[in-house]
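Here are my notes on the model, point by point. Please read them with the structure open.

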Amino acid sequence: MRNRMRSLLTSLGIIIGVGSVIIMVALGEGSQREIEARITAMGTNLLQIMPQRQMSRSGQQVMMRVNAFTKRDIQKLRDESSFITAISGITQSSTNVSGLQGNAQVSIQGVEPEFFIARNWRVIEGFYFDDEDMYLRNRVAVLGQTTARNLFGQPNAALGEQIRIGTNYFLVIGLLENKGASFGGNDQDDIILVPMDTALTRLSNSRNINQIVLSVINKDYMDAAQKEAELILRESRGIAEGASPDFMIMNQADMIDMASATSRTLTTLLAAIAGVSLLVGGIGIMNIMLVSVTERTREIGIRMAVGGRKRDILFQFLTESVILSIMGGLLGVGLAFLVCRLLLMMGIPTAINPLIVAASTLFAAFVGIIFGYYPALKAARLYPIDALRYE
């Protein structure tokens, strides 16, 4: 307490080390939760099926071809799968769309009514299109929040208005809830959904379906549903057993596990790098304690002359070192909480783990013991007569 500034500077390395470890882990866990939330927002127990590119040779030329899905594939999955709660084909295109307040290049997806269930996507204003709209190929559209804002100035103004997609006019009947950015960073709200049959006949003039999405009755059946869907599609597309399929099935649970594993690896790496500063802080404590032993040699001699034992001197200096480390650890925790709060206010996701906070503080005390032991032992080994004569 007589050397407050020196004590603070001695603990500075521990403060920075503990604070850095907690902040890095909080950033890693925050980003992991954000990624998991974005993947989960794509739909409940979702399977995504996409055609794979395959190489074909024509003479000396190598060409890439894609066997798109057909409505027969979707219907076979709907009829024969025992795990599906909702299924929809998706046709995708991007074109310039005009509204009352402007125009923009927008992603347009032709989907079936069950798409909204499979993707867990609610319409917050207006209503969905239904099977009748599909059958009659009605020109109706449901808009994402970003698209509605770009085309009409504000989302609410889009309902009941018309938009022009190419040469076709579509009536806006619904406004989707806000989804935010996807796992890949794309804006999920910059989208227009129209009935799939309308898109196939009026927009693309094609029978090709780019993707199939389906939701499974329970996450416990994801693997079984994936294997069953592969068998059904193999039969529908005439792919022999043992041959490589011309499609790929992505399991949402696998996507979450993969993203979480990557995030955990990066978090561990960042925490390890930040942890190096804890060791540097420990070396700083050892250096200052060694200086302190030299400065207080006469004090040590007096204590030993009036009956102080070696273990008393050892305990005194070791206690000082541990207190400096714990004080630095607690200040580091406070610094980490402050920085994480500021990051949250800036929109950067963080999640402080109480276990990491406790472990960092305990490790700071451990550093105090390890790096304070040698200076304390050096002080305890001084001879009283030499210590008293020290100038």
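1. Some ground rules. This is a predicted model: local features need pLDDT of at least 70, side-chain atom pairs count only at pLDDT 80 or more, and totals for chains, interfaces and linings use all residues. Residues are numbered from 1 along each chain as its sequence is written, and side-chain values use heavy atoms, with hydrogens and water left out.

2. Overall dimensions. The chain has a radius of gyration of 33 Å, whereas a compact globule of 391 residues would have one near 21 Å. The radius is taken over C-alpha atoms, and the globule rule is 2.2 Å times the number of residues to the power 0.38. Along the principal axes, the C-alpha atoms fill a box of roughly 105 × 55 × 45 Å.

3. Make-up. The chain holds twelve helices and twelve strands. Helices (H or I, at least four residues) and strands (E, at least two) are DSSP runs, numbered from the N terminus. Of the 391 residues, 45% are buried. Buried means under 20% relative accessible area, exposed over 50%, and partly exposed in between (1.4 Å probe, protein chains only).

4. Contacts and charges. Contact means heavy atoms within 4.5 Å. Among contacts between residues at least 6 apart in sequence, 75% join residues at least 24 apart. The mean positions of the 36 positive and 34 negative charges are 11 Å apart. Lys and Arg count as positive, Asp and Glu as negative; His and the chain ends are not counted. Each charge is placed at NZ of Lys, CZ of Arg, CG of Asp or CD of Glu.

5. Strand β11 (residues 211-216). Six of its six residues are buried, so β11 is largely enclosed by the rest of the structure. Both faces are covered: one side carries Q211, V213 and S215, the other I212, L214 and V216.

6. Partners of β11. Two strands pair if DSSP finds at least two bridges between them. Strand β1 (residues 46-51) pairs with β11 in the antiparallel sense over four bridges. Here L46 has S215 as its bridge partner. Strand β4 (residues 84-98) also pairs with β11 in the antiparallel sense, over six bridges. I87 stands opposite L214.

7. V111 in strand β5 (residues 103-111). Buried or exposed? V111 is buried, at 0% relative accessibility. Its C-alpha is 5.9 Å from that of G89, 22 residues away in sequence. Leaving aside neighbours within four places in sequence, V111 is in contact with S88, G89, I90, F129, M134, L193, V194, P195 and M196.

8. Either side of V111. G110 lies in strand β5 and is buried at 1% relative accessibility. G110 and A199 are 89 residues apart in sequence, yet 5.2 Å apart from C-alpha to C-alpha. Not counting residues up to four places away, G110 touches several others, including T91, V194 and A199. E112 sits in the loop between β5 and α3 (115-118). E112 is buried too, with a relative accessible area of 9%. Beyond four places in sequence, residues touched by E112 include I74, R78 and I87.
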